[in-house]
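Biologist: Please take a close look at the ligand and its surroundings. Walk me through that one part.

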Amino acid sequence: MATSLKNLSDYNMLLVADAGNMKFGIVVAEWNSEITEALYQGAYTTLLKHGAKEENIIRKYVPGTFELTLGAQLIAQNTDVDAVIVLGCVIQGETRHFDFICQGITQGITTLNMDYSMPFIFGVLTTDNQQQALDRAGGKHGNKGNEAAVTAIKMVSLQRSLESVE
Ligand code: DLZ
């Protein structure tokens with residue numbers, strides 16, 4: 001997976017379980033939609049590549065990254081997905097808005113993981129500028145959507161392996 005510099009799409013396929021019997025929710029922020037749609041395509045195609053069925057992938061939109069937490073919670077409450085991936089892109093501006101949005105989504109997703117005891121995967125780019133985001137949404141550093149999808153499959157697999165231990 002992504003470690004030192006750094007292609008977010010690099011991973012060992014052999015370590016990723018078959019996702020054929022897994023269900024996923026994907027919540028996409030509309031802010032910076034050029035980026036977030038590319039993240040979605042990365043996540044979606046990666047899930048399919050590992051066996052997930054189209055009908056088992058639910059996509060929903062929210063206005064901005066700040067709303068991803070509630071969007072993810074609503075999917076968890078109202079569907080039977082095994083994991084939820086949130087996809088957003090926050091680009092540093094002239095004010096401290098960036099910090100508050102990043103803090104909100106990080107805290108929100110961490111809380112959901114604990115409260116629901118199921119995987120909520122953080123697929124949010126937090127960059128200084130548009131180019132850094134493009135580089136990580138299918139550009140020279142890969143696609144964070146791919147990474148988020150692989151992480152989702154791995155976490156569902158982990159959860160199932162532990163829940164089957166009595
Ligand atoms: C307001 C705002 C700003 C300034 N920047 C971004 C951004 O870079 N990325 C993003 O996803 N959303 C941004 N937003 C919108 C907030 O996430 C949120 O939608 C609004 O503050 C309304 O709650």
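**The ligand site**

Modeller: The ligand sits in the largest pocket. "Sits in" means that more than half of its atoms lie within 2 Å of the pocket's grid points. A pocket is found on a 1 Å grid over the protein atoms alone: it is an open set of points where a 1.4 Å probe fits, with protein on both sides within 12 Å along at least five of seven lines, and lining residues have an atom within 4 Å of a point.

This is a predicted model, where local features need pLDDT of at least 70, side-chain atom pairs count only at pLDDT 80 or more, and totals for chains, interfaces and linings use all residues. Residues are numbered from 1 along each chain as its sequence is written, and side-chain values use heavy atoms, with hydrogens and water left out.

The largest pocket has a volume of about 230 Å³. That volume is the space filled by probe spheres set on the points, which are joined across faces, edges and corners. Its lining includes Phe98. By class, the lining has seven nonpolar, four polar and one charged residues. Here Ala, Val, Leu, Ile, Met, Phe, Trp, Tyr, Cys and Pro count as nonpolar, Asp, Glu, Lys and Arg as charged, and the others, Gly among them, as polar.

The shell holds Trp31, Asn32, Gly64, Thr65, Phe66, Glu67, Cys89, Val90, Ile91, His97 and Ile101. Strand E3 (83-91) and helix H3 (97-116) each supply at least two of the shell's residues. Strands (at least two residues) and helices (H or I, at least four) are DSSP runs, numbered from the N terminus. E3 gives the largest share, three residues.

Next come the polar contacts (pairs of N or O atoms within 3.5 Å). A polar backbone atom of Cys89 is 2.8 Å from a ligand nitrogen. A backbone N or O atom of Phe66 lies 3.1 Å from a ligand oxygen. For Ile91, a backbone N or O atom lies 3.1 Å from an oxygen of the ligand. Alone, the ligand exposes 490 Å², and the protein buries 72% of that. These areas come from the Shrake-Rupley method with a 1.4 Å probe.

Terms used: A residue is near a molecule or strand if one of its heavy atoms lies within 4 Å of it. A polar contact is a pair of N or O atoms within 3.5 Å; within protein, one must be able to donate a hydrogen and the other to accept it, and residues adjacent in sequence count only if both atoms are side-chain atoms.
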